[in-house]
Amino acid sequence: MPRFSVIVPAYQVQAYLHECLESVLTQSYPDLELIAVDDCSPDACGEIIDEFAARDPRVKAVHLPENGGLGPARNAGMAEASGDYLIFLDSDDTLTPDALRAIADRLKETGEPDVLVYDYARTYWTGEAIRNKAAAQLTEQGPAPFRLEDRPGLLRLLMVAWNKAYRREFVEREGFAFPPGYYEDTPWTYPVMLAAETIATLDRVCVHYRQRRRGNILSTTSEKHFDIFEQYDRVFAFVEERPELARWRPLLFRRMVDHLTLVYRKPDRLPRGSRAAFLRRARAHYRRYRPAKRSAALAQAGTPIGAPVPRRVRLRHVFIRFGAHRSFRALHLVLAARRRARLVARGLARAVRAGALRLHYRIQLRLPLRSDRAVFTASRGGGHGCNPGALEAAVRAHAPHIRTAWIARPEHRHTVPAGTRVLTPGTAAYWTALARSKYLVDNADFDDRLVKRPGQVFVQTRHGTPLKHMGLDLQERPAAARDLDFVRLLRGVDQWDYVLSANRHTTLTWERVYPGRYTTLEYGYPRNDVFQQATSADVTRLREALGIPEGTVAILYAPTHRDHRRTQRTALDLDRVVRRLGPRFMVLARAHARHGGPLAATNGRVVDVTGHPSVEELCLASDALVTDYSSIMFDYANLDRPIVIHSPDDDWAAYQAARGTYFDLRAFPPGALARSEDELIDIFATGHWRGSRSTQLRTAFRERFCPYDDGRAAERVVRHVLLGEGPEAIPPVIPLAERHPVPSAAAAQPRTPLATVPQPSGPLTVTDGRR
């Protein structure tokens with residue numbers, strides 16, 4: 001008897017069926033049977049199913065003599081099932097990697113519930129994946145298993161069969177089956193959820209729900225959409241048979257009205273001329289199942305479960321109640337006209353405002369510069385941080401007579417420290433500051449419309465030691481350059497007066513790929529000062545704030561952006577990594593700024609920290625860094641803590657081809673090198689991550705890339721640029737051997753020799769051959 005019976009009905013999905021079936025058979029949890037049902041499909045689905053059945057004994061091929069639709073096909077699959085749990089998967093969707101293992105673990109953890117509800121993500125032809133917006137209902141906090149009345153919010157989820165695992169004995173005992181017709185999930189899901197004695201949730205995306213451009217049944221214009229009325233008849237008939245469920249009628253009624261409204265409003269579902277008939281049927285159902293007509297049954301069953309209809313949808317319910325097709329249509333036209341009028345008005349207002357701001361900026365450019373003003377920003381209006389953030393703090397400390405301002409988008413205003421003026425991009429105050437402040441500090445580029453005045457000083461800090469190709473080196477790499485305008489890039493470079501550098505490698509690279517008349521300040525990176533200034537008490541405080549238990553090894557995982565991919569995805573199964581390493585380890589996952597969202601779901605010992613405002617604090621709180629080709633490795637080396645590079649062969653080759661690097665990181669890594677996920681796990685499990693060879697590699701890496709990061713880089717910049725002090729007043733660099741990095745929580749633990757990591761065969765070099 002297998003643990004899972006995965007049932008996949010197939011009809012005219014030959015283009016997607018291979019991927020669907022492979023996603024099941026390649027699961028890391030192999031205890032399953034795959035029941036693929038050919039619903040008399042006219043394309044090659046039946047042949048594909050037979051090929052898989054011949055290849056893998058876990059596949060059962062079922063061929064139906066005639067097409068019956070999704071419901072009967074699922075019933076045919078259930079008749080063949082022998083697993084403990086039933087899982088339904090539509091043939092154009094896929095299971096995510098390790099989904100069945102996560103489901104099996106959660107079932108065991110929650111005592112074999114009747115139903116386990118898990119999450120899904122909508123995947124689009126563009127490659128974009130968007131998680132279910134109601135995912136908060138799947139929280140694993142609180143007691144489990146439970147009954148639906150303890151968490152009725154689960155009925156807010158999409159009412160489909162494929163986001164749940166069902167105990168087969170429960171389904172057979174209750175006699176559940178799918179009806180024919182469209183919307184067959186409705187009279188299955190509601191009765192199943194209402195009848196289940198025990199329910200549990202899994203807060204994890206287990207299904208990728210494909211959003212097809214064409215061919216989706218529910219997006220097909222057809223009279224079969226009228227099947228929805230019979231499906232809700234079946235739902236309420238089930239409730240009628242069980243008086244104890246009568247208290248659910250208000251909530252079911254509201255969900256029915258919302259569903260009918262959705263079908264009515266969708267432009268591609270109902271045939272032309274049938275909307276009035278649909279609304280008449282909807283009115284009849286409204287009157288038939290309105291809870292007020294069943295007040296006696298409700299009183300007998302107890303307190304009704306449900307909430308009042310929100311004001312924003314109350315009008316729609318009124319139209320359904322009275323079947324007011326013409327009124328509904330007229331209101332829709334009025335609202336559409338009002339939306340268009342608003343768009344036109346907003347466009348005119350934006351044009352007038354833009355013209356006024358341009359005039360304001362021109363006037364400000366003719367007024368005198370303010371020598372006591374400095375404007376800072378990072379990452380095009382991002383939060384206070386990086387090199388500009390460290391310099392802004394140093395200006396307040398060493399040049400208090402200079403008033404500082406920080407440009408930040410509204411969502412980042414809270415990161416700006418008290419005492420620093422906050423400027424919102426695009427406002428009059430923003431343009432005034434750009435026009436009249438003497439000092440401009442940024443790590444990317446200011447507004448393209450900026451006019452640099454004589455007397456203004458532009459400090460370009462950049463944001464990391466370069467490993468990947470930058471600037472003019474991207475001219476022959478279109479995947480990385482994308483729509484970069486190199487002429488505009490050089491116009492921006494011509495505005496720079498000073499460029500910061502952390503080492504000779506960076507200096508040589510910047511001066512070649514950003515050629516200009518600026519002066520390079522090889523002073524170290526200000527953002528790394530905190531690594532030399534922080535104390536053990538600071539580390540303890542940060543770890544407590546992040547919820548890192550005492551004695552736990554916290555691994556910071558920070559991969560870089562992949563230019564050759566339209567969508568970004570993590571190369572590691574972080575849940576599997578921490579599961580294999582055991583309870584002593586946890587992972588802090590931080591996505592690249594261009595990733596566009598969290599890197600991983602916070603779950604157990606994997607915590608997504610993408611939204612944390614300070615990457616420096618994350619570095620201080622962690623015990624080791626795992627990265628691929630991110631420049632964070634150069635900063636992290638200042639802590640003298642272990643660094644592990646995760647670089648599979650195919651990934652390295654693709655990255656080199658798309659972006660290119662300035663030196664062979666795999667030949668001269670800052671620590672242990674893992675070419676696969678299993679090697680990475682082994683490096684931490686055996687202690688090689690902090691072994692003697694890892695220390696030797698890190699020491700060489702620090703000597704090459706961290707010679708000036710001694711904790712006073714920001715002070716040196718402020719004294720030279722803003723205070724105009726000479727070399728004699730600028731703090732000298734503290735030699736690397738005399739620096740005392742902040743110890744991590746794991747620093748005092750015994751070390752194991754790193755015997756398996758390949759050693760460099762030659763000296764450290766850079767591609768230009770000058771060092």
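These questions and answers go through the terms used for this predicted model.

Reader: What is the overall make-up of the chain?
Author: The chain has 26 helices and 22 strands. Of its 771 residues, 53% count as buried. Contacts between residues 24 or more positions apart account for 74% of those with a separation of 6 or more.

Reader: Why is Thr 509 called buried?
Author: Its relative accessibility is 4%. Buried means under 20%, so Thr 509 counts as buried. Thr 509 belongs to helix H17, residues 504-513.

Reader: Which residues does Thr 509 touch, beyond those up to four places away in sequence?
Author: Thr 509 touches Pro 466 and Tyr 662. A contact needs heavy atoms within 4.5 Å.

Reader: What makes a set of residues a nonpolar core?
Author: The members must be buried, come from a list of nonpolar types, and be joined through side-chain atoms within 4.5 Å. The largest such core here has 62 residues. Tyr 166, Trp 188 and Phe 278 touch the most other members. Helix H8, residues 249-265, gives the most to this core, with eight residues. A second, separate core has 58 residues, including Ile 407, Trp 431, Val 493 and Val 721.

Reader: What is Phe 278 in contact with, leaving aside neighbours within four places in sequence?
Author: Phe 278 contacts His 225, Phe 226, Ile 228, Phe 229, Leu 260, Val 263, Tyr 264 and Leu 270.

Reader: Why is H6 called roughly parallel to H7?
Author: Helix H6 (residues 186-195) and helix H7 (residues 227-241) pack at an angle of about 20 degrees. Angles under 35 degrees count as roughly parallel, so H6 is roughly parallel to H7. Their axes are 8 Å apart. The crossing of H6 and H7 is right-handed.

Reader: Which residues meet where H6 packs on H7?
Author: H6 brings Thr 186, Pro 187, Tyr 190, Pro 191, Leu 194 and Ala 195. H7 brings Gln 231, Tyr 232, Arg 234, Val 235, Phe 238 and Val 239. By class, this contact has nine nonpolar, two polar and one charged residues.

Reader: Arg 269 carries a charged side chain by class. Is it counted as buried or exposed?
Author: Arg 269 has 10% relative accessibility. The limit for buried is under 20%, so Arg 269 counts as buried. Arg 269 is in the loop between H8 and helix H9 (275-289). Its C-alpha atom is separated by 4.3 Å from that of Thr 221, 48 residues apart along the chain.

Reader: Which kind of peptide bond runs from Ala 144 to Pro 145, cis or trans?
Author: That bond is cis, with omega near 5 degrees. Pro 145 is in the loop between strand S7 (129-131) and strand S8 (164-167).

Reader: Where does Arg 482 lie, and what is its phi?
Author: Arg 482 is in the loop between helix H15 (478-481) and helix H16 (486-493). Its phi is near 50 degrees, a positive value in a residue other than glycine.

Reader: Why is Arg 380 called exposed, and Arg 482 partly exposed?
Author: Exposed means over 50% relative accessible area. Arg 380 has 53%, so Arg 380 is exposed. Arg 482 has 47%. Partly exposed covers values between the buried and exposed limits, so Arg 482 is partly exposed.

Methods. Residues are numbered from 1 along each chain as its sequence is written. This is a predicted model: local features need pLDDT of at least 70, side-chain atom pairs count only at pLDDT 80 or more; totals for chains, interfaces and linings use all residues. Side-chain values use heavy atoms; hydrogens and water are left out. Helices (H or I, at least four residues) and strands (E, at least two) are DSSP runs, numbered from the N terminus. Buried means under 20% relative accessible area, exposed over 50%, partly exposed in between (1.4 Å probe, protein chains only). Axes are lines fitted to C-alpha atoms, for helices over the stretch in contact, and angles run from 0 to 180 degrees between N-to-C directions. Angles under 35 degrees count as roughly parallel, over 145 as roughly antiparallel, 65 to 115 as roughly perpendicular and the rest as oblique. A crossing is left-handed if the near helix is turned anticlockwise from the far one by less than a right angle, and right-handed if clockwise.
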